[in-house]
Every structure is written in C-alpha cells, then in structure tokens.
Amino acid sequence: MSLKSYIITRIILAIPMILILLIMIFFILRIIPGDPVLAILGGKAPVEVIEAKRHELGLDKPIIIQFFDYLGDVLRGDLGVSTLTNRPVWSEIKDRFPATLELTIFSFILALIIGIFWGAEAAWRKDKPLDISARVYSIFIYAVPVFWLGLMLQLLFGIYLRWLPVGGRLSPRVSLDIKTGLFLLDSLFSWNWEAFWDVLKHLLLPGITLGLVISSIFLRMVRNNTVLMLSKDFVKAAKARGLKPKVILYGHAVRNAFVPIFTIMGMQFALLLAGAVLTETTFSWPGVGSYLVLKIKYRDFPAIQGTIIFFAIFVVLISIIIDIVNALVDPRVRY
Amino acid sequence: MIFEAKDLKIYYKTKRGFVKAVDNINLTVEKGQTVGLVGESGCGKSTFGQGILRILPPSTFYGGSMKIENQEILGLPENSMRKIRGKKIGMIFQDPMTSLNPVMKIEKLFFETLKTHEPEITEEEARDRTAKVLEKVGIEPERMREYSFQFSGGMRQRVMIALTLVLNPILVIADEPTTSLDVIVQAQIMSLLNELRKEYDMSMILITHDLGVVAEMADKICVMYAGHIVEEALSEDLYYNPKHPYTKLLIKSIPNTNINDLDLKYIPGSPPDLLKPPIGCRFAPRCPYKKEICETNEPPVVKVDNTNVKCWLYSGVEQ
C-alpha cells in the first residue's frame, strides 16, 4: 500500500470514530445534570421566559430529532451557534485556536529539548547521578497535577519574585497587529520587540508548566529506548569502528530510539491537549481549552460538542502526520 | 610482530565478585598470520576479541599487557584508543543481522567511518573507496544507497567485511563471522575472508567454536578453556597430534559420517563457574587423565614438540 492510499484509509477510518464520539458527547451532555437555559437565565427567571428560550434553542423537541438536526448541520460543516454568546461556534474556536497552538508548540519544543538531551545523556551514564536524577524528575513531574505545578510557578515567579505575569497572553498597554494569531510570530514579523518580549513573558509560565509535564513522559521514553539501543550490536560495531561517543549516542542510539517513540507519540498528543485544557484554565490563557471549560460551566451544548469534534479531528490529523514522519525516520516502515 | 598479549587479564565486575573471563593469556600474531581461537561458549574467547578493542563495559578490569605494532594499548586513554579502533584493528561481528544500523543507508555507515579516521576526506573520495571495497566483497556498488535490511544475511556479512576493510586495518578480529549463516554461505564468506586477508596483507584473529572452520583458515590455533589458553599449536599438529586432554576430547567430539560410529561424542560435565574457578587445573573436574596435583596446583605451560600445552601430564617431559 502506498503512503497516499494509507492516508486516505486513515481519514476514512476516522469518520466512524468521530461519529461515535459525537453520539456519546451529545447524549452524555443531555443526561448529566444542568440545564443550559437555566444556566443562561438564572434560576429566578419566570417560567414563560424559560419556555420561550427553550423553544428558541430547539431544546423542546424530542432528543432524537435534536440529534439528527445537529448531525445534519455538522455534516454541512455548521457547528451551530453558542447558546451563551449567540456567535457561531466555529468562528469562536477559530479565534481561540492560535493561542492553544502557540502554547502547545512552545511546550512541545521545550519537552523535546529536555527529553532528548537529558534522556540521551542519562542513558549514556546509566545509573550515574544524571540518570538517577532524570528518573526521579520524570516520576515526580508525572505524579504532580498540572494545575498544582502551574499554581506553584505562578506563586514563585508571579507573586513572590514578580518576574512574570500570571495570566493572559498580552498586556493591555501593548499593541500588536494580529495576522497569524501566533503572537510570537506576529510580533517578530512586525519587528515589534516590545510586544515580542511581552508575549514571551506571558507564554513562559504556561509554556514551562505544560512543557515540563510532557517532558516527564518524553524523557522516560527517550532514556529507556536509548538504553535499549545502546545495548544493541550495531552500537558495539559502531564503537569498534572508532566512532566518537557523540556520534554513537545521537547518530545511532537516539535516532533508532525514536522509532518506537514516534509510534506512541500520536497517543501522547491527545494527552498534550488534555494538559493544555488544564494549563489554559490555570493561566487564563485564551485558548480552546479554557474555552471548553467555560462552556461546560454554562452547559453550552453546541460549543462543547463543537470543541470536542475539533479536538478529535486535530488529534487524528496529528497522528497521521506523525505516521508520515515515522516513515521518514524508519525506512523499514511500509504502508 | 603485529599483536602481542602478555599475561592478559580481563575480569568483569559483578555484585558477587570478579568473573575471570580471560585470565593470564599469552598470544602473539605475526604479520600475515591467521590465528584461530577455539573454545566452547563462555570460555572467554569473545571477551578476548572485544577486549583487544576495549569495547567491553566500562567497569571491566584489564591487566597485563597488550601491544599492537609494539605500541602498548592497555593504558591508552579513550581518545587515543578510538584512533586504533577500526583504523588499526578492525572487527567483524557474529550476527550481521544486528550489527548494521537498520535506519541508516549502507553508504552512510561507510562515510561516517571514513570521515572519523580521515577527517579531510572528500565526499567523492569516500564514495569511490566505498564502491571499490564493496566490489571486492562482491556487492554491486550501486547498492550502497540501500539499507541493510534490504540485504540477505550473507550479503550483510559481506557489507560488514567491506566496512572493516575500507580502513585497511593491520589486524582483523573476526568473532564467529559465520555462525549465524547457513553452511553454503559460511563457506563463501570464509573463502572471501581468506582471499581478502591475503590481498590486503592483514593479520587475523579468527574466533570460532567450529574446529572445521578454523582448520582450513588458521596457521596457528589456540584452544581456550575457562579463560585460559590450554593449548597452542600449528593447525596440523593440533589436529593430528593434540596434546591437551581437552583438545583431544574436543576433536573426538566432532561429528563424523562413519556409518559404524553413529554415537554423538561429548565431554561430560560443564565448564566451571568463572566467579570461582577451580584452584588447580580448570579442566580437572572433567578430565579423564586427572592426577592429584591437577586439583591443587595450576599447571605450567610446557613445550612438547612444537606445541605449548598447559597441562600437568607433560611436566615430566619438559625439554
């Protein structure tokens, strides 16, 4: 099978998955306690007003009819209108997505750097202090809740030391032309150093929080797989040819260690998004994650459903991209 | 003299003490010579091979002396040792299926090896030399752009040989180079190795447990048992006139095709634990000719005819 037909198959297989997810989220939302109408109008509104709103939102129709109405809309590419803001869900997600993307990319790069270098050097010095500290670090960070880590960093760097802001993406006094929505790039392309510095300062705490959390799993994977690869015959053969330790470690062991890492990275990416939801809420980061939490609080059904579908499609796309990269890293991979 | 090991000791450090995998070994390799190193699994022959290049785990203890072209290499720091690995002493490994990095193209393996030892080499020159050496081992040079998993086992071992020859080392250690290959490919690889050894004017240490293989190739054979060399002799002498009881039993245990003699012969017992080897002769517990002294004193090496043998049986006929 060629790569092209593999990708097409993957996309086709994703359709029933997303459909099942949609059915589940749709019905679970309507089973759990909480009423969107009451959430909007408050408990003290007159009965007629509540009924009128319920009719306006279409929530008085039988639940099956509601579902097929919604499904029809989704298939036409319409995610509906937020019951809280009356704005189209899609445009709300689109506005907030760059913030999430910027946060996740920053965190991911940070996690990659920590994971690859610390993991590789720890594997090279197995059972030495650097390796033991890597193992303690990854267990500790993995066990710590994301929001707690975020709160502690806020407390230290935001409250006591006052070095960094504790929330938001940009100070109100700083102006910035928004083109891509990725503020770091926007400020960089417009040579707006003041804004770049401000954006970076805002990004640092949430980025480090999420980055550390992902790095713990990543560091462990890199370290363990590299230890395994260093025991392989081809590493011994490379040593016997007189190659330098750096070449053996990074060119042979780490590179091969990435083959199994890539195959599980697709799954790790879903974890990254879950972490992003908590991090964004802790740092009031205006991304899709904090959007989802807000909408859950107000039982904004279309917005919650829309966000979940969006996340699902995003995860599927990322895992397809990872599969393609995997084929490039490991020439043995055939589809 | 190309290579000389004197009273060489290689001990592995474990939680229960030192494993004396190689204990007081003396071995010399002359220019152009092929020395066979024979022994059963766990006798220390592979440890010896890898110990020459010092690519054993860092906690390994080395003692005695080891010289390549009269240069002492045991005390050499890592970065000087790296210049010897591959360049002066090449190594061919047992399993070609796992000794070549599966995610790297063959040419990349050659280029990085050449670049390491000859930093000023150009890409073109490296490609040229790779093509030439691949041709020598019978692989079309165009295939250097392929990955090792696209080659068969025998072809991979040819690649491995080429990868060792490309730096033109003076000594090649072949550690069971054909053990994982089928019999026909074994023969091809062995004769290729023999031809190329002559052509490149190298010396070779051939490590194997196959007496048949070593008989055709080696000028001199050393028989190893439990970390000691128990007998050192020219190939014919060893075959037709073995001295040490272990060698005798080993040669008897080679399966033959005689219809009247279908029993598979073997040496009863098993090799000793190298954490606590016997005080006297290490073969004594299994030896049918055992005397009292064998269990209490380590035998000396004595010269009988042209053979060096480490056994009490000959201590009376010392010349």
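Select R54(B) to begin: this residue sits in the loop between α1 (45-53) and β4 (61-68) of chain B. Helices (H or I, at least four residues) and strands (E, at least two) are DSSP runs, numbered from the N terminus. The model is predicted: local features need pLDDT of at least 70, side-chain atom pairs count only at pLDDT 80 or more, and totals for chains, interfaces and linings use all residues. Residues are numbered from 1 along each chain as its sequence is written, while chains are lettered from A and ligands numbered from 1 in the order in which they are written.

R54(B) is not a glycine, yet its phi is positive, about 55°. R54(B) counts as buried because 21 other C-beta atoms lie within 10 Å. (Buried requires 20 or more other C-beta atoms within 10 Å of the residue's own, exposed 12 or fewer, and partly exposed is in between; C-beta atoms are placed from the backbone.)

Next, select D7(B), in strand β1 (residues 3-14) of chain B. Its phi is near 45°, again a positive value in a residue other than glycine. Is D7(B) buried or exposed? D7(B) is exposed, because it has 12 C-beta neighbours inside 10 Å.

Now colour the open sheet of chain B, in which eight strands follow the order β6-β7-β8-β3-β9-β10-β12-β11 with mixed pairing. Two strands pair if DSSP finds at least two bridges between them. The edges are β6 (89-92) and β11 (301-304) of chain B; each has a single partner strand, so one side of each is left without a neighbour in the sheet. Neighbouring strands are turned by 20° against each other on average, direction ignored.

Within this sheet, pick strand β3 (residues 34-38) and strand β9 (residues 220-225) of chain B, which run parallel and are joined by four bridges. L37(B) is placed opposite C222(B) in β9(B).

Move to chain A and show helix α5 (residues 89-124) with helix α9 (residues 193-230): their axes come within 6 Å and cross at roughly 35°. Axes are lines fitted to C-alpha atoms, for helices over the stretch in contact, and angles run from 0 to 180 degrees between N-to-C directions.

Finally, display both chains: 22 residues of chain B are in contact with 20 residues of chain A. Contact means that the C-beta atoms of two residues, placed from the backbone, lie within 7 Å. On the chain B side, α2 (78-84) and α3 (106-117) are the elements that give two or more residues. The largest share, four residues, comes from α3(B).
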